[in-house]
Amino acid sequence: MRGTPYPTLGELLRRAHATVAARPGALRLRAVGTSRAGRPLWLLSAGHGPRHILTVAGAHANEPVGGVTALFLAERFAREPALLQESGCAWHFLLCLDPDGASLAGRWLTGRLGEGRPGEGRAAEASPTLRGYYRRFYRPAFAAQPEFPPVASDPRPTMPESEALVRLIDELRPVVQFSLHGVEVGGSFLQLTRAVPGAAAAYRRIAADLGIPLEHRPFDGMGWLAESPGVLVLPDSSPTEERDPSGFTSQATWLYAMRHGTVSAVVEAPFWSVAGVSDPRPVAEPRREVAEASEILLGRAKQLEAVVGELGPRSPQTPEEIAHFTAARELMDIGPGVVDTWNSAELATTVGNAVSLGVAARRIPLRAAAMMRQALGGAPALDTLVEVWARELASTFDARWVPVADQTELQTRTMLALARALV
């Protein structure tokens, strides 16, 4: 599977079942819950040690790399059992936390996007384009992302996927929990709920070996401490709740695991890398950079609103269209809240952070336009908007496709390095 385009969810699960059937003594597979639509949540396990390591993949529908990484590492453990035995741990891989979302996003996950040239990675593969990626884009609304269940005071019910993951955490009480993610455009970064000696140096070395840039100061976790470029650590005083720009407040499942002494590590791998995000040079006028990014974000949201208004009254009809519409509408409305957050923090102090901010300012409305296009039946005006914005994002930041082999290598080596440090 390495060196090939991303598999669909069905292809990933068929490969997992076939691998277990071929190595019944080395790997085992069981369902640990079901999704809202009744799809099984599959846990692939290797080893029988008294301690446990948990890897969660597929938490976000538009981030398929984690499932590929999980299956690759499990297959490696089956071939090289000594690699796992020396840790005295059993290693468990939740192959896809959100199979319902993945089924909606899966139309682009085959990688057959019809554009691009063979990649120059260690294993040649077709190089997808951002235009092809966003034409089939789907990412659920914040409250429908199972890694972030609502707080107890929220009247909304917890999703069965979230409940299944919490039960699994309570069952395993893992030494370390990995959450594997991907970012469309930018660089890689690592979030740790506790400082791990040697982790930052190992992570920087791995990224450098693969030629993948690190976000100089990721602002995804703006309340987290920047231990070093690309590495964020949760402060001791940090609350266990998180509030996203839509106003939805949740308790992340990787924070929930802390009650068992678990160290959680969120490993982000970029699909298209941008070298500029790692630039450490100071910016002369940070507030000006924030203002420019804010203007782009709010201006494009307004432009998208106008295009949707010109289409006249249209309503999504199918459950798929409604899911796309709900997520798109949320992103169209969060602009002012995002800008307020940007203005309240010390952002864009380096060239790299300013570049990351510029990417985010374009990515949010592009995601919204991509999903609104699908919700409203592929209207030509929205199709044009998605194409123009996707091409502009790629050209403005010289976005380069990262071979899948390198994305999975980054996550695999990072997990093994952290596991060695912790167990």
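Predicted model: local features only at pLDDT ≥ 70, side-chain atom pairs only at ≥ 80, totals over all residues.
Select α9 (286-310), α10 and α12: each supplies at least two residues of the lining. α12 gives the largest share, 3 residues.

Now show the lining side chains. Pick L297, A301, L331, M332, G335, I364, P365 and A368. What is the class make-up of this lining? There are 7 nonpolar residues, 1 polar residue and no charged ones. The volume of the second largest cavity is about 30 Å³. A search of the whole structure finds 2 cavities of 30 Å³ or more.

**Next stop: α10 against α12**

Keep two of those helices on screen. Select residues 319-333 for α10 and residues 351-375 for α12. Two packed helices are described by the angle between their axes and the distance between the axes. Here the axes lie 8 Å apart, at an angle of about 150 degrees. How does α10 run relative to α12? Angles over 145 degrees count as roughly antiparallel, so α10 is roughly antiparallel to α12. The crossing of α10 past α12 is left-handed.

Now colour the contact residues. On α10, take E321, H324, F325, A327, A328, R329, L331 and M332. On α12, take I364, R367, A368, M371, M372, Q374 and A375. Sorted by class, this contact holds 10 nonpolar, 2 polar and 3 charged residues.

Look again at L331 and M332 on α10, and at I364 and A368 on α12. These four are in the helix contact, and they also line the second largest cavity.

**Last stop: α2 against α14**

Clear the selection. Pick residues 65-79 for α2 and residues 404-422 for α14. Their axes come within 9 Å and cross at roughly 60 degrees. That angle makes α2 oblique to α14. Which hand does the crossing have, left or right? α2 passes α14 in a right-handed crossing.

Show the side of α2 that meets α14: V65, G66, V68, T69, F72, L73, R76 and F77. By class, the contact of α2 with α14 divides into 8 nonpolar, 6 polar and 1 charged.

α10 and α12 cross left-handed; α2 and α14 cross right-handed. The contact of α10 with α12 has 3 charged residues, and the contact of α2 with α14 has 1.

Key. Residues numbered from 1 in each chain as written. Heavy atoms only, no water. Axes fitted to C-alpha atoms, helices over the stretch in contact; angles between N-to-C directions. Parallel < 35°, antiparallel > 145°, perpendicular 65-115°, else oblique. Left-handed = near helix turned anticlockwise from the far one by under 90°. Contact = heavy atoms within 4.5 Å. Nonpolar A, V, L, I, M, F, W, Y, C, P; charged D, E, K, R; others polar. 1 Å grid on protein atoms, 1.4 Å probe; cavity = no way out; pocket = protein on both sides within 12 Å on 5 of 7 lines; lining within 4 Å. Points joined across faces, edges and corners; volume = space filled by probe spheres on them.
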